[in-house]
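Reader: Please take one part of this model and go through it closely. Keep it brisk, and tell me what surrounds that part.

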Amino acid sequence: MTSPSTTKTNTRSTARVIALVAAAGQGTRLGAEVPKAYVELRGRTLLERSVRAMITSEFVDEIIVLVSPSMEGYAASILNRIDSDVPVRIVHGGDERADSVWAGLQAIPDEDAVVLIHDAARALTPPGMIARVAKRVLDGATAVIPVLPVADTIKEVEGQTVLSTPDRSRLRAVQTPQGFNLAALRRANLDYWAQDPDFVATDDASLMEWHGERVETVQGDTFAFKITTPIDLVLAKAVTDEAEPTIFEVPSD
């Protein structure tokens with residue numbers, strides 16, 4: 001692979017960008033006969049689409065796919081169909097997503113790098129959104145998440161009783177990939193596992209918040225929705241033709 005300085009924007013950092021694509025879960029809510037990452041969407045699995053989006057972003061130097069050991073052969077056969085100079089390798093994930101991410105972080109030899117953590121189920125994520133996240137971390141941010149405004153009114157509920165109605169203007173729905181300074185994310189994970197707090201990190205950004213790190217946001221994208229239930233798959237099939245990336249431009253922000 002040629003050096004980033006000759007193939008990508010002249011303003012990007014020399015740090016490598018490494019994507020972890022989480023594909024070790026079962027995704028039972030989708031009701032498919034295979035784990036969610038291996039469900040096909042118009043001839044391509046969700047995993048393949050997610051990996052191709054990372055490559056097309058032109059910001060990713062290496063991709064690590066986190067899979068369950070039982071699906072390693074199947075995953076390899078899918079990834080072998082992708083013709084690219086960006087190296088793609090497989091690492092065994094764990095029972096929980098956090099275990100898979102930690103296994104991926106341990107498989108990265110770099111000390112100075114940017115890591116993007118992405119759910120294979122967000123298979124229609126546009127490459128331009130991936131670039132936005134990566135660029136912000138390369139420009140110096142410690143943690144970056146793509147977000148969208150919340151359209152629905154949200155209620156805080158206990159049992160069947162409404163406790164409060166948060167101000168919707170301050171709420172955001174979070175997507176992936178989430179981008180991080182690798183060293184900072186490793187420190188947060190090590191402290192989390194060592195302290196074993198009552199706090200449960202629902203995503204990597206919440207772990208960084210717990211660790212006292214500043215988390216910044218960039219604009220998300222409606223196509224980056226998570227394919228979790230059968231209706232999500234119906235929607236993905238309906239918009240796939242329009243969602244296929246054909247033109248890529250690195251955003252200026």
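Author: Start with strand β4. β4 pairs with strand β5, residues 88-92, in the parallel sense, and 5 bridges link them. (Strands are DSSP E runs of at least two residues, helices are H or I runs of at least four, and numbering starts at the N terminus; two strands pair if DSSP finds at least two bridges between them.) The model is predicted, so local features need pLDDT of at least 70 and side-chain atom pairs pLDDT 80 or more, while totals for chains, interfaces and linings use all residues. Residues are numbered from 1 along each chain as its sequence is written, and side-chain values use heavy atoms, without hydrogens or water.

Take the link to β5 in detail. I64 has R89 of β5 as its bridge partner.

Y74 is partly exposed, at 36% relative accessible area (buried is under 20%, exposed is over 50%, partly exposed is in between; 1.4 Å probe, protein chains only). Y38 is 36 residues from Y74 in sequence, yet their C-alpha atoms are 8.5 Å apart in space.

Now look at β4 itself. The strand spans residues 62-67. Of its 6 residues, 6 are buried, so the rest of the structure largely encloses β4. E62, I64 and L66 point one way. I63, V65 and V67 point the other way. All of these residues are buried.

β4 also pairs with strand β1, residues 16-22. These strands run parallel and are joined by 5 bridges. Here E62 of β4 is the bridge partner of I18.

Follow β1 to its pairing with β6. I18 also has a bridge partner in β6, namely V115. β1 and β6 run parallel, with 7 bridges between them. β6 has 7 of its 7 residues buried, so β6 too is largely enclosed by the rest of the structure. A113, V115, I117 and D119 point one way from β6, V114, L116 and H118 point the other way, and all are buried.

Next comes β11, residues 178-181. This strand pairs with β6 in the antiparallel sense, through 4 bridges. L116 stands opposite G179 of β11. P177 sits in the loop between β10, residues 172-174, and β11. The peptide bond joining T176 and P177 is cis, with omega about 15 degrees.

Finally, turn to helix α4. Its buried residues are S100, V101, W102, A103, G104 and L105.

Between α6 and α7 the loop holds D196. D196 is exposed, with a relative accessible area of 63%. Its phi is positive, about 45 degrees, although D196 is not a glycine. R42 likewise has a positive phi, about 50 degrees, and is not a glycine. R42 lies in the loop between β2 (40-41) and β3 (44-45). Most residues other than glycine have a negative phi, and most peptide bonds are trans.
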